[in-house]
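This report describes selected features of one protein model, including strand pairing, a helix, a metal site and a ligand site. The sequence and the structure are shown first.

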Amino acid sequence: MIIVMRHDATPAQIEAVVKTVQSHGLKTHLSGGEERTVIGVIGSNPFELKDTFLEAPGVAEVIPITKPYKLSNREFRPRDTHIRVGERDVGGETVWVVAGPCSVESEEMFMETARRLKTAGAHALRGGAFKPRTSPYTFQGLGRDGLSILAGARAETGLPIISEVLTPADIEAVVEVADVLQIGARNMQNFSLLSEVGRVRKPILLKRGMSATVEEWLLSAEYVLSQGNYEVILCERGIRTFETYTRNTLDLNAIPLIRELSHLPVIVDPSHGTGRRSLVASMALAGIAAGAHGVMVEVHPHPESALSDGAQSLTPEGFEALMEQLRPLAAALGKTA
Ligand code: PEP
Ligand code: MN
């Protein structure tokens, strides 16, 4: 349920409503807009108390939220959420471009990639230090050594860093270096991990699980938001279908759908979404045209020898070509890239 305060409600009236809600054992989440404050009320059957709140001074409306995702719901916060990452507002008028190799493999390869990406105009660097690999016998990431390499790239390029956390035990070390913590597709329903990152004060990039419905994905976001971390960026990275020529099927429907249902920013990852280098640029552009707030692509200086996801990695030249195509598309959409 949400309690919409009148535009002239005083801070004391807002506080009184919050206290009353809490006295009933319910949780509150405040969303302060320019013209009105909305109090999100979470708990069992809050709508039973509707009349109590309607009579409280300063209250304009009391509205039930029938969908199970409450805080990520656009009814709770009608305006798009903007999340500051480095110099960019994700969810705003810039097309946010994140690029980097799947895994941090060595200092030399990461720095070479980072320099090329910065020159080409990437806004943030990605790279996994802790990798969720399907087989336990493949490269699992450099761990803490990978994080030091990421820290060096951040210091040299000034670009923000996105890196994955696989378990709560990784969080402390990754938070030191990364500007955004990634929750991978395989962990989208790792609810204890989601609650843990909900207590972190850094944005979370939440990838869609490979078999997750949009509602399940938003409920996963809800685990983070309900712990007080309101900075969640959703990432559509393809779902499993019967098609075998591509690694996954990038669900473009999900982009405008998420924008309808939620105020959270949403980006596309056409690298995992297709699994094929030749398809990545087209699907990146398609994602932006569908309303995504950004793209995340894998780029490797020598994809043929990459330790993970080489087949879907763009070369630095391929990334430069993508940027050349993204800029006029962003401009046509009234944005910048
Ligand atoms: C990744 O970003 O390299 C990754 C492992 O992605 P996903 O969790 O979407 O498979
Ligand atoms: Mn990858």
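In this predicted model, strands E1 and E3 pair in the antiparallel sense over 3 bridges. Within this pairing, Gly40 of E3 is the bridge partner of Ile2. Strand E1, residues 2–5, also pairs in the antiparallel sense with strand E4, residues 59–63, over 4 bridges. Here Ile2 stands opposite Ile63 of E4. The side chains of E1 point in two directions: Ile2 and Val4 point one way, Ile3 and Met5 point the other way, and all are buried.

**The manganese site**

Which residues coordinate the manganese ion (ligand 2)? The ion is coordinated by Cys102 through SG, His272 through NE2, Glu298 through OE and Asp309 through OD, at 2.0 to 2.4 Å. Along the chain, these donors follow the spacing C-x169-H-x25-E-x10-D. Cys102 lies in the loop between E7 and H3, and Asp309 lies in the loop between E14 and H11, so the pair ties together parts that are 207 residues apart in sequence. Cys102 is buried, with a relative accessible area of 4%. Asp309 also counts as buried, because its relative accessibility of 18% is under the 20% limit.

**Positive phi angles**

Most residues other than glycine have a negative phi. Asp309, although not a glycine, has a positive phi of about 55 degrees. Asn45 is likewise not a glycine and has a positive phi of about 45 degrees. Asn45 is placed in the loop between strand E3, residues 37–42, and helix H2, residues 50–54. Is Asn45 buried or exposed? With a relative accessible area of 52%, Asn45 is exposed. A positive phi, near 110 degrees, is also found at Gly121, which follows H3.

**Helix H3**

Helix H3 comprises 14 residues, 107–120, which at 1.5 Å a residue should span 20 Å; the C-alpha atoms at its ends are 20 Å apart, so the two values agree. The buried residues of H3 are Met109, Phe110, Met111, Thr113, Ala114, Leu117 and Ala120. In an α-helix there are 3.6 residues a turn, so residues three or four places apart point the same way. The elements that cover the buried residues of H3 include strands E7 (96–100) and E8 (124–126), together with helices H4 (144–157) and H11 (316–332).

| Residue | Atom of the residue | Distance to an oxygen atom of ligand 1 |
|---|---|---|
| Ala185 | polar backbone atom | 2.7 Å |
| Lys207 | polar side-chain atom | 2.9 Å |
| His272 | N or O atom in the side chain | 3.2 Å |

Definitions and conventions: Residues are numbered from 1 along each chain as its sequence is written. Chains are lettered from A and ligands numbered from 1 in the order in which they are written. This is a predicted model: local features need pLDDT of at least 70, side-chain atom pairs count only at pLDDT 80 or more; totals for chains, interfaces and linings use all residues. Side-chain values use heavy atoms; hydrogens and water are left out. The expected span of a helix is 1.5 Å times one less than its number of residues. Buried means under 20% relative accessible area, exposed over 50%, partly exposed in between (1.4 Å probe, protein chains only). Contact means heavy atoms within 4.5 Å. Two strands pair if DSSP finds at least two bridges between them. Donors are N, O and S atoms within 2.8 Å of the metal (3.2 Å for Na, K and Ca); water is not among the atoms, so sites may look incomplete. A polar contact is a pair of N or O atoms within 3.5 Å; within protein, one must be able to donate a hydrogen and the other to accept it, and residues adjacent in sequence count only if both atoms are side-chain atoms.
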